[in-house]
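Please go through this two-chain model with me. My notes are set out as numbered points, to be read beside the coordinates.

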Amino acid sequence: MADLHLGGWREDTLREIGIKTFEKAIDISIQENVDFILISGDLFDSSNPTIDVMAKAAKKLYELKVKGISVYVIEGSHDFSPTGRTILKVFEEAGLLKRVTSAEESEGRLLLKGTTDEKTKIRLYGISGIRGSLEKATYSVLDREDLEQKEGQKIFLFHSAIEELRPNNLYQMQSMPISLLPKGFMYYAGGHIHERGEFELGDYKNVVFPGALFPNNIDELLSFKGGGFYLVEDDGSGLKKSYIPIKIAPVIILEIDLEGTHTINVEEKIRLATDKKDLKNSIVIVKFKGNIEGNLSDINFKKINLYLENKGAVLVKRDTREIKTKQYKEIKNSSFTKEKLEEEVIIRHKDQIKIKECQIETVSFVKTFMNLLSREKKEGEKKDDYIKDILRESIDYLSKNNLLEDLNETTST
Amino acid sequence: MDIVGKIVSGDFSGIIIRQKTGIDVELGELLVTKEKNGYFILQVFDISYGSQIPERIRSLAAGLKLEEESNLSFLDNELSNFILIILKPILFVNPNRYHLPKKLPKFFSEVERIKEEDLRFLDRPKKPLYFGKIRSGSRVLEIEVFLKGEEVLTHHVLISASTGKGKSNLVKVLTYNLLNENYAGLLVIDPHDEYYGRTKKGLKDHPNAINKVVYYSTNPPPGASTLVLDLKTIKPWHLTGIVSLTEAQIECIYLFYNRDKDNWIENIILAEKDDKVSVVTLDVLKRKFNNIFGISSENGVISFRNNLFSNSSGISTIKNVVDCLENGKTVILDTSKLGGEVELLIGGIFAEGIFSRYRDLSFKGHLQNKPCISIIIEEAPRVLGKDVLDKGTNIFGTIAREGRKFKVGLVAITQLPSLIPKEILANMNTKIIMGTEMSNERSALIESSPQDISEESRNIASLDIGEALLTSTFSKLAVPLKIPLFEDIFTKNKSFVKDKTTIRGVDLE
């Protein structure tokens, strides 16, 4: 399993469902008498989750320990910490799980040492995921040959998007090519991509992303409606992979077309749409669309929520992104990537930017300058150094393009 | 002063000088004759003998020497017998400008060898594209040749040479130097897997390679991307003009595509029969698709013979490649393991992706700030040949005709330019002509050249390895070039030291 993000939701109900999903997954694993469990990153939503979340996770991991089921993990982009101080380390010290990322460096090459599962003698190796896909650099010095030559059955845990396997909707997500993974392992346990997928590509067989155990945001709830994990069996003739979906609370999506509806009639529309629906214990997402008469603020969402909760919904979420009112004009944007959206906005407003004797094309200037200013503080970089660096780079850029004088004339600072 | 001769006669099509005794002048050599307000640059296009002694006397003297071991010699031999050099005036340079000559140099003027300082006016443009060094005959001058890269690349480039004349070296030098610039994205379709430098020096060894070179291969080395395409990204028009299809097969393909959209290939493979398509057509298409895509089915289960096509991986490969190019990167596609038709199909798919993206950007008015994109294609007549285009146009033909409007260009490499239709050859506004022995190939090049190089045929035939003639709409003269050896770049430049990698995501002991 992967991407559990325990403690991740803001709403108590959803956070609780996330934890219950984990508990159920562990119960099923115990029932199925698995040899071991792999968690490919982001067991927790942060490296320092709340006591409550830690306690619940520790309780279930202890159950596994008692039953003699080992848990092998790597950190994901959410529960990794550059300082190394993570709850996973604490849990490891307590014997509740085992991180498989031990390694040593030799002459600029990275040798993974991994760990052996005592029951099955399978060797397990892994590299944690880091925010911004910084783990890619680690893969670039990984001694793959050393790993590939190791005998016996081997499993590799990773928490990275793989360029060749990314789903279409995530194609701009930072990723790395599959060739950075060592070849010839029996199973590649992937995390980070919340959409489920099983792949084979060349020498890489059984590359599996189980997806999130429970959706992590409203879009994932809308798309996947739930999550699950893989039960993998090796009967000697190859791996048999079964996906086990877990549904603590079914996700029901109500699509309500409000075209031409006045705001005072929205509640009635909801009543009609749900009259004969069983909403007991469900997460209800109301997805509105269409042009409404009146203001969005006139819709009594509280009342709608109450009505649906009275019908048994444990949680009601609404998606109003596709409601249009006469007050708001739709902004026409042909492309929705952040960069393209920015570029379109810059192009639309470029005539307002007047810099005398500007040698550079305005759009290019704004984009480059925004890029300069948007650099985030690097790991370990002092705040003062970061600010000085940004200032220096900005001044350099402006000076090179003869813009500094111009700014001095037009601004007081 | 290095005087080589004096102008003795001629006209605008050929100025004749008498060569000074003891001086050697070569075909193609650049010479200079100075005037008050500037100087002419002239190029040698022919050399012949001259003599003041009648032909029959010379023959008799030669006979006496050969047959009778005579000591006979001509009186004032060096004055009586000499070499005549025929020159073509190619440029007039004055302190303010340089232009094609519109007058003849002064009669009886002295002519000297060109020196580096005579060519200093050739400055480095903005967005430069490097070609090599100026060559005068076989002498290499320390003057580097650059043209305006964006214009050159979008107006298409033709590289023509016989085997072994240094085409690959030239492409390596061009592409390596382009990695210093940001104005162009480059798609290199590499059927010999020679540009990345998997086993020797290549583009991967450029200091900017980590940010600018992207390598796709069906068998990628660590860190490179797998060349894999999801069948859902293949559209019927990708096959047009590249895969041979009958009318009935094309109709069948569009029928399935219109009905099943992204799953059209899989559904053709899985179809047992279809009311609107004959079983024979379906069977032939299945066989063709098996050959091209390596796809087949057994008991309703799809399988693939190789890794190039898939139904689960590579859904974003085309978008990734086009994104990289749009960001000014160089993308190398290793097609060395692919069959000819599949290689062209793959090249066509990416070319179509690039062309569509840039055409859309152009229509939205967003193309102005984008880098231009150039597609390097080897053995170009396979897609631009008369016989291929007669069967129906393909994306490469479209780019050759319309790409310029959308900042997309081709670098077409061939040994046989005569196979490319004249109108497409004429659209290739820059030609790098290397040694070409076959006269019909030389004629095709000369006839379509942006400069009048009608006198250069002999020169072109005698070009040695690494020597070239650059003709371009963006150059005032046809420039004789010497292309540096790619490997020499690495002996001259100090190898760069990579930053130490920060290892994260593991527990180091």
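1. Conventions. This is a predicted model, in which local features need pLDDT of at least 70, side-chain atom pairs count only at pLDDT 80 or more, and totals for chains, interfaces and linings use all residues. Residues are numbered from 1 along each chain as its sequence is written, and chains are lettered from A and ligands numbered from 1 in the order in which they are written.

2. Chain A overall. Chain A has 12 helices and 16 strands (DSSP runs numbered from the N terminus: H or I of at least four residues for helices, E of at least two for strands). Its C-alpha atoms fill a box of roughly 70 × 65 × 40 Å along the principal axes. Of the 413 residues in chain A, 34% are buried. The cut-offs count other C-beta atoms, placed from the backbone, within 10 Å of a residue's own: 20 or more is buried, 12 or fewer is exposed, and in between is partly exposed.

3. Contacts within chain A. Take the contacts between residues at least 6 apart in sequence: 69% of them join residues at least 24 apart. A contact here needs C-beta atoms, placed from the backbone, within 7 Å.

4. Domains of chain A. Three are assigned: domain 1 (12–246), domain 2 (251–324) and domain 3 (338–410). These bounds come from an automatic or database domain assignment. The C-alpha centres of domain 1 of chain A and domain 3 of chain A are 40 Å apart.

5. An unreviewed UniProt entry lists residues 2–195 of chain A as "domain: Calcineurin-like phosphoesterase". Positions follow the numbering used here, feature names are shortened, and annotations may be inferred rather than shown by experiment. Over residues 2–195 of chain A, the chain is 29% helix and 20% strand. The end C-alpha atoms of that stretch lie 11 Å apart.

6. A sheet in chain A. Six strands form an open sheet with mixed pairing, in the order β6-β7-β8-β9-β11-β10 (chain A). The edge strands are β6 (115–116) and β10 of chain A, each pairing on one side only. Strands count as paired if DSSP finds at least two bridges between them. Strand β8 (residues 154–159) of chain A runs parallel to strand β9 (residues 187–191) of chain A, with five bridges. There, A:I155 has A:Y187 in β9(A) as its bridge partner.

7. The contact between chains. Chain A gives 38 residues and chain B gives 27 residues. On the chain A side, the elements giving two or more residues are β4 (102–106), β5 (109–112), α4 (135–140), β10 (197–201) and α10 (362–373). That side divides into 18 nonpolar, 11 polar and nine charged residues. Nonpolar means Ala, Val, Leu, Ile, Met, Phe, Trp, Tyr, Cys and Pro; charged means Asp, Glu, Lys and Arg; the others, Gly among them, are polar.

8. β4(A) pairs in the parallel sense with strand β24 (residues 507–508) of chain B, over two bridges. A:A103 stands opposite B:L508 in β24(B).

9. Domains of chain B. The division is domain 1 (3–119), domain 2 (128–224 + 318–492) and domain 3 (232–309). Centres of domain 2 of chain B and domain 3 of chain B, taken over C-alpha atoms, are 33 Å apart. Between them, 14 residues of domain 2 of chain B touch 11 residues of domain 3 of chain B. On the domain 2 side, α11(B) gives the largest share, seven residues. By class, that side has six nonpolar, five polar and three charged residues.

10. Strand β23 (residues 479–482) of chain B. Strand β22 (residues 467–472) of chain B pairs antiparallel with β23(B) over four bridges, and a hairpin of six residues joins the two. B:L470 has B:V479 as its bridge partner. Strand β8 (residues 128–136) of chain B also pairs antiparallel with β23(B), over two bridges, with B:K133 opposite B:K482.

11. Nonpolar cores. The largest has 129 residues, and B:L187, B:I332, B:I354, B:I377 and B:A468 have the most contacts inside it. α11(B) supplies its largest share, 10 residues. Another core, of 84 residues, lies apart from it and includes A:L4, A:F156, A:A189 and A:I304. A core is a set of buried Ala, Val, Leu, Ile, Met, Phe, Trp, Tyr and Cys residues joined through C-beta atoms within 7 Å.

Definitions and conventions: Two residues are in contact if their C-beta atoms, placed from the backbone, lie within 7 Å.
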